[in-house]
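Let's take a walk through a protein chain together. Have the sequence and the 3D view open, and look for each residue as it comes up.

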Amino acid sequence: MHRLPTFTGIVSHLRATAVFAALLLFSTPLFSQVVDRAGLFTPSAVVEANVVIQSLQASTGKRLYIETLVSLEGSNIDDTARLRLREEKIIGVLVLIAKQERKIAVRLDGSTRIQFTAAHEKAALRAFQGGGDSGLARVLKICSAALSRAPQEIRAKVAADWAADSAALLEYLAELRQF
């Protein structure tokens, strides 16, 4: 003989289901920021990197997307990186690594250029040398530091650079007037 569930039993079951669904929804990333098609990283390193990247994105609004490919299949890495940046609609930084060709490219959207300088770009390229999980950790560290720079710090640097350039230009113009 079957017993009908009580009202409290149904409510209790629904609560447990809702809690499980919420845990599943909020603990699982909506999409991966590290896509390792070439198998360069251990699964645990990818999970750790995704957690760091999601935290970075939450605090900065910028996305860091790292993708590895087995091969470029004859394509140019710069063209492929530009295409991936557009396809993924990345507002932030794309790091593309081609295993077979042993090439790496770093691409930025226009709004990220002020935070992620050419020096950061070169450092990210060098950081992955040696590859593997340690290379991934070094790239994450450099990109996190660059993207976490406060807007006030950036404005102050831009203003200081502008002032220095203006002073140099005025000196040059003063020299020209002497002739």
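What follows is a short tour of this model, from the overall layout down to single residues.

## The big picture

First, keep in mind that this is a predicted model. The protein chain has six helices and four strands. If you read along the sequence, they come in the pattern α-β-α-β-α-β-β-α-α-α.

How much of the chain is tucked away? Buried residues make up 32% of the 179 residues.

## Helix 3 and its buried face

Next, find helix 3, which covers residues 77-87. Its buried residues are Ile77, Thr80, Ala81, Arg84 and Leu85. Why do they line one face of the helix? Looking down the axis of helix 3, you'd see its buried residues fall within an arc of 135 degrees, so they line one face. What do they pack against? Their partners are strand 2, strand 3 (92-98) and strand 4 (103-108).

The N-terminal end of helix 3 has a cap, and that's asparagine 76. One of its side-chain oxygens lies 2.6 Å from the backbone nitrogen of aspartate 78.

Now check the loops. Glutamate 73 lies in the loop between strand 2 and helix 3, while lysine 89 is in the loop between helix 3 and strand 3. Glutamate 73 isn't a glycine, yet it has a positive phi of about 50 degrees. Lysine 89 isn't a glycine either, and it has a positive phi of about 50 degrees.

Are these residues buried or exposed? The cut-off for exposed is over 50% relative accessible area. Glutamate 73 has 74% relative accessibility, so it counts as exposed. Lysine 89 has 67%, so it counts as exposed.

## Arginine 63, tucked in

Arginine 63 sits in strand 2, which spans residues 63-69. Is it buried or exposed? Buried means under 20% relative accessible area, and arginine 63 has 9%, so it counts as buried. A polar atom of its side chain lies 3.0 Å from the backbone oxygen of glutamate 88.

Move on to the loop between strand 4 and helix 4 (118-127), where you'll find serine 111. With 42% relative accessibility, serine 111 counts as partly exposed.

Which residues does serine 111 touch, leaving aside its neighbours within four places in sequence? The answer is Lys62 and Ile91. Serine 111 and lysine 62 are 49 residues apart in sequence, but their C-alpha atoms are 9.4 Å apart in space. Their side chains make a polar contact of 2.8 Å. The side chain of serine 111 also has a polar contact of 2.6 Å with the side chain of aspartate 109.

## A nonpolar patch on the surface

Last stop: the surface. Leu169, Leu170, Tyr172, Leu173 and Leu176 form a nonpolar patch there. Together they have about 490 Å² of accessible area.

Pick out tyrosine 172 from that group. It lies in helix 6, which runs over residues 151-178. At 47% relative accessibility, tyrosine 172 counts as partly exposed.

Definitions and conventions. Residues numbered from 1 in each chain as written. Predicted model: local features only at pLDDT ≥ 70, side-chain atom pairs only at ≥ 80, totals over all residues. Heavy atoms only, no water. Patch = residues over 30% accessible without salt bridge, like charges linked within 9 Å, V, L, I, M, F, W, Y side chains within 5 Å. Areas by Shrake-Rupley, 256 points an atom, 1.4 Å probe, with all protein chains shown as cover. Salt bridge = Lys/Arg side-chain N within 4 Å of Asp/Glu carboxyl O. Helix = DSSP H or I, 4+ residues; strand = E, 2+ residues; numbered from the N terminus. Buried < 20%, exposed > 50% of the residue type's maximum accessible area, 1.4 Å probe, protein only. Polar contact = N/O pair within 3.5 Å; in protein donor to acceptor, adjacent residues only side chain to side chain. Arc of directions from axis to C-beta. Contact = heavy atoms within 4.5 Å.
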